[in-house]
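I opened this notebook to record what I looked up in one model. The entries follow the order in which I worked.

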Amino acid sequence: MKPRLLLHTCCAPCLLEPLDLWSGTFEVEVFFYNPNIQPAAEYERRSQTLRKFAEANSIVVHEPGYGPEHWTDAVGRISSADTDRCKECYILRLTRAAEFAGASAFEAFATTLAVSPYQNQESIAEAGEALSERTGIPFVYRDMTDRYRSSVEQSRALGLYRQNYCGCIPSMPQSRKNTR
Ligand code: SF4
């Protein structure tokens, strides 16, 4: 029997490659906790896309709730550079994943954020390692940005909804260019 991995998942398209990679070693269950996503209708669209894909592929999804106020409290107050804001955003989401993994007897946790070249991979790895030390749950990480192109092609072939921004208001196309 494979060890259980809780895979924090930002959206269905970004799930494809990490699922392919980690399913060889782990029994993967998905954790959709993304209070960074604005507006609520966009959160619901990403959530529904993920749940539909998961149902079709017999994947267990844990979704603790939207809670955008958690993002506002922890991250929204940061007005400095994107790197600082994104770092806190990773910490917020991965903290919830690590705590859930510990409480639900998972052997490890990981994140699909590792596949996106638009995310700060160094900060993701640092946040995961720090949480691993704090909770005792191993953080499984590999920079998977070399598989991003494949994830885009696969998600298009599957007809999955793909957003064109990361999630928060500052990352929206009308706020900036070249997000995702
Ligand atoms: S750009 Fe993405 S990772 Fe950075 S703060 Fe916004 S939602 Fe979070």
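**Entry 1: asparagine 34.** I located asparagine 34 in the loop between β2 and α2; helices (H or I, at least four residues) and strands (E, at least two) are DSSP runs, numbered from the N terminus. I note that this is a predicted model, in which local features need pLDDT of at least 70 and side-chain atom pairs count only at pLDDT 80 or more, while totals for chains, interfaces and linings use all residues. Residues are numbered from 1 along each chain as its sequence is written, and side-chain values use heavy atoms, with hydrogens and water left out.

**Entry 2: strand β4.** I saw that β1 and β4 pair in the parallel sense over four bridges; pairing requires that DSSP finds at least two bridges between two strands. Leucine 6 has phenylalanine 109 as its bridge partner in β4. In a regular strand the side chains alternate between the two faces of the sheet. Both faces of β4 are covered, with Ala108 and Ala110 buried on one side and Phe109 and Thr111 buried on the other.

**Entry 3: helix α1.** Why is helix α1 largely enclosed by the rest of the structure? Nine of its eleven residues (12-22) are buried, so I recorded it as largely enclosed. Among the buried residues are Leu15, Leu16 and Trp22. The buried residues of α1 pack against β1, β2, α2, β4 and α6.

**Entry 4: the ligand.** I listed the residues that surround the ligand, including Asn36, Trp71, Cys86, Arg93 and Cys166 (one heavy atom within 4 Å). Helix α4 (residues 82-103) gives the most to this shell, with five residues. At 28% relative accessibility, cysteine 86 counts as partly exposed, and cysteine 166, at 21%, also counts as partly exposed. The structure holds zero disulfides (pairs of cysteine sulfur atoms within 2.5 Å).

Definitions and conventions. Buried < 20%, exposed > 50% of the residue type's maximum accessible area, 1.4 Å probe, protein only. Contact = heavy atoms within 4.5 Å.
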